[in-house]
Amino acid sequence: MTETRRRGAALESAIHEAAWAELNERGYSGMTFESVAERAHTSKPVLYRRWPTKEAMMLAAVGYQGIMRPSAPPDTGTLRDDTIALLRNFNLRADGVAGLFSSLLSSYFAETGISPAELRLRMFGDGQTGMQKVVDRAVERGELPAGLPARIISLPSDLARHELLMTLKPVPDATIEEIVDLVFMPLVRQHAGGGEQN
């Protein structure tokens, strides 16, 4: 292997792209420091200075691609439309997420015993979710009172994610609207005492 002399952003980009390519071609179990270094035309010590473990390298590669990165919450003016827009934004990245979980990371979950939810937490921390921000904005607008239970807040995203992982396909737009109109909004109205409007 010939090491290519690069620094800064060029080196970082080459390493992340190489790690992502190895993950796609070999899955987590086949991705190694050696294979990433060879593909990036650099050395293993360069990689070890950045990441002490293969898991850390994989998390960086996934994060660099932005596949699991939460999108900014929309602001359409209503809770219903914000929720639909948020799920549609998630759906735009659905193919990448489905492929990632179904094949590329299956060995990662098996080797580490970590769940997809724990992986998300490792990547993004326990900060406020897009749905929480959508609901908080609806509270600020006076659409609903504060105190909506966390389980109801997470329900639209949970149902869309379940649909995606069960079908390994993007969630149909009609299903997104059913999740919001037939499940989420009725629960919100019930909890708010019937005062919600679409």
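At what angle do helix α9 and helix α10 pack, and how far apart are their axes? Before getting to that pair, keep in mind that this is a predicted model. In it, α9 covers residues 130-141 and α10 covers residues 150-167. The two pack at an angle of about 130°, and their axes sit 9 Å apart. Why quote those two values? Two packed helices are described by the angle between their axes and the distance between the axes. An angle counts as oblique when it falls between the perpendicular range, which ends at 115 degrees, and the antiparallel one, which begins over 145, so α9 and α10 are oblique to each other. The crossing of α9 past α10 is right-handed. On the α9 side, the residues that meet the partner are M131, Q132 and V135, and on the α10 side they are I153, P156 and S157. Sort that contact by class and you get four nonpolar residues, two polar ones and no charged ones.

Now zoom out to the whole chain. The protein has eleven helices and zero strands, so if you read the elements from the N terminus on, you simply get α-α-α-α-α-α-α-α-α-α-α. There are 198 residues, and 42% of them count as buried. The accessible surface comes to about 10200 Å², with 52% of that belonging to carbon and sulfur atoms. As for how the chain folds back on itself, take the contacts between residues at least 6 apart in sequence: 68% of these join residues at least 24 apart.

Helix α1 runs over residues 8-30 and helix α2 over residues 33-40, and their axes come within 8 Å and cross at roughly 140°. That angle makes α1 oblique to α2. Here, too, the crossing is right-handed. From α1, the contact draws on A14, I15, A18, A19, A21, E22, E25, R26 and G30, while α2 brings S35, V36, R39 and A40. By class, this contact splits into seven nonpolar, two polar and four charged residues.

In H41, though, phi is near 55°, a positive value in a residue other than glycine. Is this residue buried, exposed or partly exposed? Its relative accessibility is 40%, so H41 counts as partly exposed.

You'll find A61 in helix α4, residues 54-65. The sequence separation between A61 and A19 is 42 residues, yet their C-alpha atoms are 5.8 Å apart in space. Leaving aside residues up to four places away in sequence, A61 touches H16, A19 and W20. Because its relative accessibility is 0%, A61 counts as buried.

One last stop is L119, in helix α8, which spans residues 116-124. L119 also has a relative accessibility of 0%, so L119 counts as buried. Where does F109 lie relative to it? L119 and F109 are ten residues apart in sequence, and from C-alpha to C-alpha they are 8.9 Å apart in space.

Methods. Residues are numbered from 1 along each chain as its sequence is written. This is a predicted model: local features need pLDDT of at least 70, side-chain atom pairs count only at pLDDT 80 or more; totals for chains, interfaces and linings use all residues. Side-chain values use heavy atoms; hydrogens and water are left out. Axes are lines fitted to C-alpha atoms, for helices over the stretch in contact, and angles run from 0 to 180 degrees between N-to-C directions. Helices (H or I, at least four residues) and strands (E, at least two) are DSSP runs, numbered from the N terminus. Angles under 35 degrees count as roughly parallel, over 145 as roughly antiparallel, 65 to 115 as roughly perpendicular and the rest as oblique. A crossing is left-handed if the near helix is turned anticlockwise from the far one by less than a right angle, and right-handed if clockwise. Contact means heavy atoms within 4.5 Å. Ala, Val, Leu, Ile, Met, Phe, Trp, Tyr, Cys and Pro count as nonpolar, Asp, Glu, Lys and Arg as charged, and the others, Gly among them, as polar. Buried means under 20% relative accessible area, exposed over 50%, partly exposed in between (1.4 Å probe, protein chains only). Accessible areas come from the Shrake-Rupley method with a 1.4 Å probe; for residues, only the protein chains shown count as cover.
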